Amino acid sequence: MRDRRVALVWAAFVVVATVSCVLVMTRDDRLSDLHIYYGALSDLHAGRPLYEYRAANGGPFTYPPFAALVLAPITVGR
C-alpha cells in the first residue's frame, strides 16, 4: 500500500513539473526574472553597480541584496 502512495506522489510531481514547464515555455517573457538576475550578477562581477542594471525588456534589478548573494552561483564559470 505504501509503495502505491509513493508512486502516486511521484506521478503527481511529474505531472505538475511537466505542466509548469509547458506553461513557462509558452510565455513570451519566459523566465524574465532569471534573465534579470543573471544580467545583474554579471554586471556586478564586472564591477558595475547592482541596482543600475536594466534587462533587455527594461526590467530593473529590484530584489534584495541577499537574493544576489544566494543566486551568485548562476554566474560561476562565466
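Read along the sequence, the protein chain runs α-α-α. The model is predicted. In total, the chain has 3 helices and 0 strands.

**Overall form**

The chain is more spread out than a compact globule, because its radius of gyration is 18 Å, well over the 12 Å that the globule rule gives for 78 residues. Along the principal axes, the C-alpha atoms fill a box of roughly 55 × 25 × 25 Å. Of the 78 residues, 22% count as buried. The accessible surface comes to about 6200 Å². Carbon and sulfur atoms own 66% of that surface. Among contacts with a separation of 6 or more, 49% join residues 24 or more positions apart.

**The nonpolar core**

Which residues make up the largest nonpolar core? This core has 11 residues: Ile 36, Tyr 37, Ala 40, Leu 41, Leu 50, Tyr 53, Ala 55, Phe 61, Tyr 63, Ala 67 and Ala 68. The largest share, 4 residues, comes from α2.

Tyr 37 belongs to this core. Leaving aside residues up to four places away in sequence, Tyr 37 touches Phe 61, Tyr 63, Ala 67, Leu 71 and Ile 74. Phe 61, Tyr 63 and Ala 67 are themselves listed in the core.

**The salt bridge**

How many salt bridges does a search of the whole structure find? The search finds 1 salt bridge. Asp 43 pairs with Arg 48, and the closest N and O atoms are 3.0 Å apart. Asp 43 counts as buried because its relative accessibility is 17%, under the 20% cut-off. Arg 48 is partly exposed, with a relative accessible area of 43%.

**The patch on the surface**

Val 6, Trp 10, Phe 13 and Val 14 make a nonpolar surface patch of about 430 Å². Phe 13 sits in helix α1 (residues 2-25). Is Phe 13 buried or exposed? Phe 13 counts as exposed, because its relative accessibility is 53% and the cut-off for exposed is over 50%.

**Accessibility compared**

The table collects the residues with a stated relative accessibility.

| Residue | Relative accessibility | Class |
|---|---|---|
| Asp 43 | 17% | buried |
| Arg 48 | 43% | partly exposed |
| Phe 13 | 53% | exposed |

Asp 43 and Arg 48 are the salt-bridge partners, while Phe 13 is part of the nonpolar patch.

Terms used:
Residues are numbered from 1 along each chain as its sequence is written. This is a predicted model: local features need pLDDT of at least 70, side-chain atom pairs count only at pLDDT 80 or more; totals for chains, interfaces and linings use all residues. Side-chain values use heavy atoms; hydrogens and water are left out. Patches are made of residues with over 30% relative accessible area and no salt bridge: like charges are joined within 9 Å, nonpolar side chains (Val, Leu, Ile, Met, Phe, Trp, Tyr) within 5 Å. Accessible areas come from the Shrake-Rupley method with a 1.4 Å probe; for residues, only the protein chains shown count as cover. A salt bridge is a side-chain nitrogen of Lys or Arg within 4 Å of a carboxyl oxygen of Asp or Glu. Helices (H or I, at least four residues) and strands (E, at least two) are DSSP runs, numbered from the N terminus. Buried means under 20% relative accessible area, exposed over 50%, partly exposed in between (1.4 Å probe, protein chains only). The radius of gyration is taken over C-alpha atoms; the globule rule is 2.2 Å times the number of residues to the power 0.38. Contact means heavy atoms within 4.5 Å. A nonpolar core is a set of buried Ala, Val, Leu, Ile, Met, Phe, Trp, Tyr and Cys residues joined through side-chain atoms within 4.5 Å.
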